[in-house]
Amino acid sequence: KGHRAVYIGVHVPFGKQGRRRHRHRGHRHHRRKKEKETDREDGRESPSYDTPSQRVQFILGTEDDDEHIPHDLFTEMDELCFRDGEEYEWKETARWLKFEEDVEDGGDRWSKPYVATLSLHSLFELRSCILNGTVMLDMRANTLDEIADMVLDNMIASGQLDESIRENVREALLKRHHHQNEKKFSNRIPLVRSFADIGKKHSDPHLLERNGLLASPQSAPGNLDTGKSGDLKGTGTGGSRENSTVDFSKVDMNFMRKIPSGAEASNVLVGEVDFLERPIIAFVRLSPAVLLSGLTEVPVPTRFLFLLLGPAGKAPQYHEIGRSIATLMTDDVFHDVAYKAKDRNDLLSGIDEFLDQVTVLPPGEWDPSIRIEPPKSVPSQEKRKVPKFPNGSTPTGETLKEEGHHAGPELERTGRLFGGLILDIQRKAPFFLSDFKDALSLQCLASILFLYCACMSPVITFGGLLGEATEGRISAIESLFGASLTGIAYSLFAGQPLTILGSTGPVLVFEKILFKFCRDYGLSYLSLRTSIGLWTAFLCIVLVATDASSLVCYITRFTEEAFAALICIIFIYEALEKLFHLGEVYAFNMHNDLDKLTLYS
């Protein structure tokens, strides 16, 4: 009595505690009492916030422990379907790395990645599933059998599942998983089609080790056999898929390369069965992640499991709910909330925060069947994770301007001499050797040939034009020799081996103007050009020492287009000047005589 909880180091927004205005959320009012009762789950009482965003920021502000550090996620959705009209099996229908990929009609290939579009109703149904279903966080299990038993025991204890159909549900959960790549490998023709295929065969055996999957004591299998298929412990459909062996011959190594190092899996299982009268839902977070052989198409340890089984007749509805939770797991904010959640309420807050950020398009205004292409650059979601303006302060114009200009740590001023250069070296040093070692592969042969031609062509072309403009003082040979030396030095020390270097239009214009200036005033062109190069190098060193590159963020498209327009005007002016010069040298003879046509000079 008389005690109150104090949260040290966490900003608690001040406001009136008696009466607060809420935006109308019709789907929440009839469950507000139940949510309040679950506020103290797991013995923890979280502070009440005005908005879901503030609660999510509180969740993400908690300290990380070893078991709740967020990892990159690969999400796979399997649906329960009939095989040959006789028995059930789980069939892979969609997957997510960052964007959604679906199995195309006919089941022969994957679609291109696209931005997932969800119905608002499916998101509300997903929220209802998390609110009323089984939520088990930090489950410790090693096999799919143990996970199924724990989930079913919890459902029976909470009254969500009848004891009489336990075995039926368990048998459905442990059905075989059929992955899309199995059909691909069964129909593969054993021929080497390209140099890329040859290079891929050299790198495949070391791919998993490079990604760190074999080095994890919790997630790695005890005996990885690259030649034999994965053994299944036990017999029948209820056999345990123990993490003992992995069949690498059925792993799509081309797709495996796209999965980030240290990634974990999130499995979504949805389907309809004829022995259930109402849906059963479970959300499970494993701690630590476990490699469940046969559950995922790639050997990645599973961290999350979402299960939705319901009566027959609502397969499209279950499919959309599965897509909703899978898309949420790819969202940067909900992804971190799922790792750090302590109870059901934290997951609900993550969904509510996601609902606050979504944009709803009215029906009839667009075609939902049109797939949205992934953006070239994904906008950062960091502003959703931290309070924008602490202690209730309001933003100023200068603050908003600074936030809009500074996009990353590379463009921040350090305030130290050569501070930016030192940070660049520290960021690049771990990958410096791999940039060149990785190129020693047949897969890079096509890129090497392309870059060679892309670098040689402009050097020779503009070198010839420079030879005409400078009366042979700088021609194609000098341009080729200079581009070779500077290109090698730049690639070795600039940290960008794939940059294309060479003469360009603005350089040609500058050289022509400089040569004309030297000729008019009787100056030595090559001597002046050498002094200009030395001064340019000195000024570049000064710019690097003072972190002047941070000003690049203030360069807008207007600046680029104005400079490009200047170059275009110069080229157009020179072309017209040459036309008029030709007109003066070879003037039109307006009083010609056809009889003396061959005598004109």
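Q: How many aromatic pairs does a search of the whole structure find?
A: The structure is a predicted model. Rings of Phe, Tyr and Trp pair if their centres lie within 6.5 Å. A search of the whole structure on this basis gives a total of 6 aromatic pairs.

Q: Is the aromatic pair of phenylalanine 517 and tyrosine 521 stacked, tilted or edge-to-face?
A: The ring centres of phenylalanine 517 and tyrosine 521 are 4.9 Å apart, with 40° between the planes. Planes under 30 degrees apart count as stacked and those over 60 as edge-to-face, with the rest as tilted. The pair of phenylalanine 517 and tyrosine 521 is therefore tilted.

Q: Which helix holds both phenylalanine 517 and tyrosine 521?
A: Phenylalanine 517 and tyrosine 521 are 4 residues apart, about one turn of the helix. Both belong to the helix that spans residues 505-521, which is helix 19.

Q: What is the angle between the planes of tryptophan 535 and phenylalanine 538?
A: Tryptophan 535 and phenylalanine 538 both lie in helix 20 (residues 525-545), 3 residues apart. Their rings form an edge-to-face aromatic pair, 5.8 Å centre to centre. The angle between their planes is 85°.

Q: Over the ring of which residue does the charged end of arginine 95 sit?
A: The charged end of arginine 95 is 4.0 Å from the centre of the ring. That ring belongs to tryptophan 110.

Q: How far apart are the end C-alpha atoms of residues 562-580?
A: UniProt, in an unreviewed entry, places the feature "transmembrane region" at several spans, including residues 445-467 and 562-580. Residues 445-467 are 100% helix, and their end C-alpha atoms lie 33 Å apart. Residues 562-580 are also 100% helix, and there the end C-alpha atoms are apart by 27 Å.

Q: What is the handedness of the crossing of helix 19 and helix 21?
A: The axes of helix 19 and helix 21 (residues 557-585) come within 10 Å and cross at roughly 55°. This angle makes helix 19 oblique to helix 21. The crossing of helix 19 and helix 21 is left-handed.

Notes: Residues numbered from 1 in each chain as written. Predicted model: local features only at pLDDT ≥ 70, side-chain atom pairs only at ≥ 80, totals over all residues. Heavy atoms only, no water. Helix = DSSP H or I, 4+ residues; strand = E, 2+ residues; numbered from the N terminus. Lys NZ or Arg CZ within 6 Å of the ring centre and 35° of its normal. UniProt positions renumbered as here; feature names shortened; annotations may be inferred. Axes fitted to C-alpha atoms, helices over the stretch in contact; angles between N-to-C directions. Parallel < 35°, antiparallel > 145°, perpendicular 65-115°, else oblique. Left-handed = near helix turned anticlockwise from the far one by under 90°.
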